[in-house]
Amino acid sequence: MVFGKSFIVLDSVDSTNNYAANMLKTSDVAHGTVVMAYFQTNGRGQRGTSWQSNRGENLMMSLILKPLNLAASEQFILSQVICLGLLNYLRTETGIPATIKWPNDMLINGNKLAGVLIENSLRGNVVEHSIVGIGMNLNQNDFPAGVPAISIREITGKQYECGAVAKGLLPYLQAEYERINDAAGIKKRYLQHLLGYRKLLWYQKDGDRFQAEITGLGLHGELVLRCADGAELICGFKEVELLRENFG
Ligand code: BTN
C-alpha cells in the first residue's frame, strides 16, 4: 500500500494523532493512511509536552502504520525508520545536513527542525498499529524566546507548502519503512547520523552534568553512553538530557 494513497486534509483539529486514533477506533483504516492539518488546537509532543505551530506555516501530519509481525520489544525500529526517512528528505530535497537527536528529533546546529511522536498500540506482544505524528518547521520564523527551533525557510530562504511537503516526504518514509526487516542495517545508518555517536558531549542525568559519548543502542532503543571516566550508562527515554551548551 502506497503511503498517502488515503490522504486526509483538515483545516483545524485538536491533534492529527488524536484524529488518527479515533479513525482507528471507528473504522477500518488502511496502512499508510495520512492525516494532515493546517492547525492544531492541542498539538502534542513527546513526554507529555505540547506542540505549538503557527497556522498553515508548518507540517503537522500523522501516518498510520500497520506493521506485519513487529514484536513490541522491537518497536524502536519505527523511530529509526522514520528518522532516516526525514533525514534523507531534508538532505535530498532541501540540502540541509540535519542530524538525529536521540530518540527522534531532527536537528541542525542544535536547533530543532522536526519532532516525531510515535504512539503504538500493542496486541499481545506485537505492534497492532502505530500512529507516527510528525511536526516539521517549514516557514515559521517567530519561535518563542528560548525555544531552540528553526524552520527550513530560515535556512534555505524558500517558502514551503505543507501539503506538497507532506506528499514529497512520504516516498522517503516509505523507502525506509520497506527496509524494516533489515534491523542491523537500519541501526547502523541511524547511529551514523546520530548526534553524539562516538563523540564526547555534555549530558545531564539526575542533576549531574557529565561528558559522555554514545556507543550504541540498548535492546529497546535505550541510549548507551560511555562517560569520560569510563563508566557505562544505559538510559531510558526520559532519563538523560543533551545539554544546550554543546552548541555554543
Ligand atoms: C516532539 O518533538 O515532541 C514531537 C512533536 C510531534 C508533533 C506532531 S504535529 C502532528 C502530530 N500531532 C500531534 O499532536 N503531534 C504530532
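Which residue forms a salt bridge with D28? The legends below start with that pair and then move on to the ligand and the backbone of this predicted model.

**View 1. A salt bridge joins D28 and K66.** The partner of D28 is K66, and their closest N and O atoms are 3.8 Å apart. D28 belongs to the loop between α1 and β2 (34-37), while K66 belongs to the loop between β3 and α2 (76-94), so the pair ties together parts that are 38 residues apart in sequence.

**View 2. The ligand sits in the largest pocket.** Have a look at the elements around the ligand: α1 (16-26), β3 (59-65), β6 (111-123) and β7 (126-136) each give two or more residues to the shell. The most comes from β6, with four residues. In total, 20 residues surround the ligand, and the closest are S15, Q40, R44, Q46 and K112. Sorted by class, this shell holds six nonpolar, eleven polar and three charged residues.

View 3. As for cover, the ligand taken alone exposes 410 Å², and the protein buries 98% of that.

**View 4. A cis peptide bond leads from W102 to P103.** Omega for this bond is near 0 degrees. To find the spot, follow the chain into the loop between β4 (99-101) and β5 (105-108), where P103 is found.

**View 5. R47 has a positive phi.** The value is about 55 degrees, although R47 is not a glycine. You will find R47 in the loop between β2 and β3. Why show these last two backbone views? Because most residues other than glycine have a negative phi, and most peptide bonds are trans.

Key. Residues numbered from 1 in each chain as written. Predicted model: local features only at pLDDT ≥ 70, side-chain atom pairs only at ≥ 80, totals over all residues. Heavy atoms only, no water. Near = heavy atom within 4 Å. Areas by Shrake-Rupley, 256 points an atom, 1.4 Å probe, with all protein chains shown as cover. 1 Å grid on protein atoms, 1.4 Å probe; cavity = no way out; pocket = protein on both sides within 12 Å on 5 of 7 lines; lining within 4 Å. Sits in = over half its atoms within 2 Å of the grid points. Nonpolar A, V, L, I, M, F, W, Y, C, P; charged D, E, K, R; others polar. Salt bridge = Lys/Arg side-chain N within 4 Å of Asp/Glu carboxyl O.
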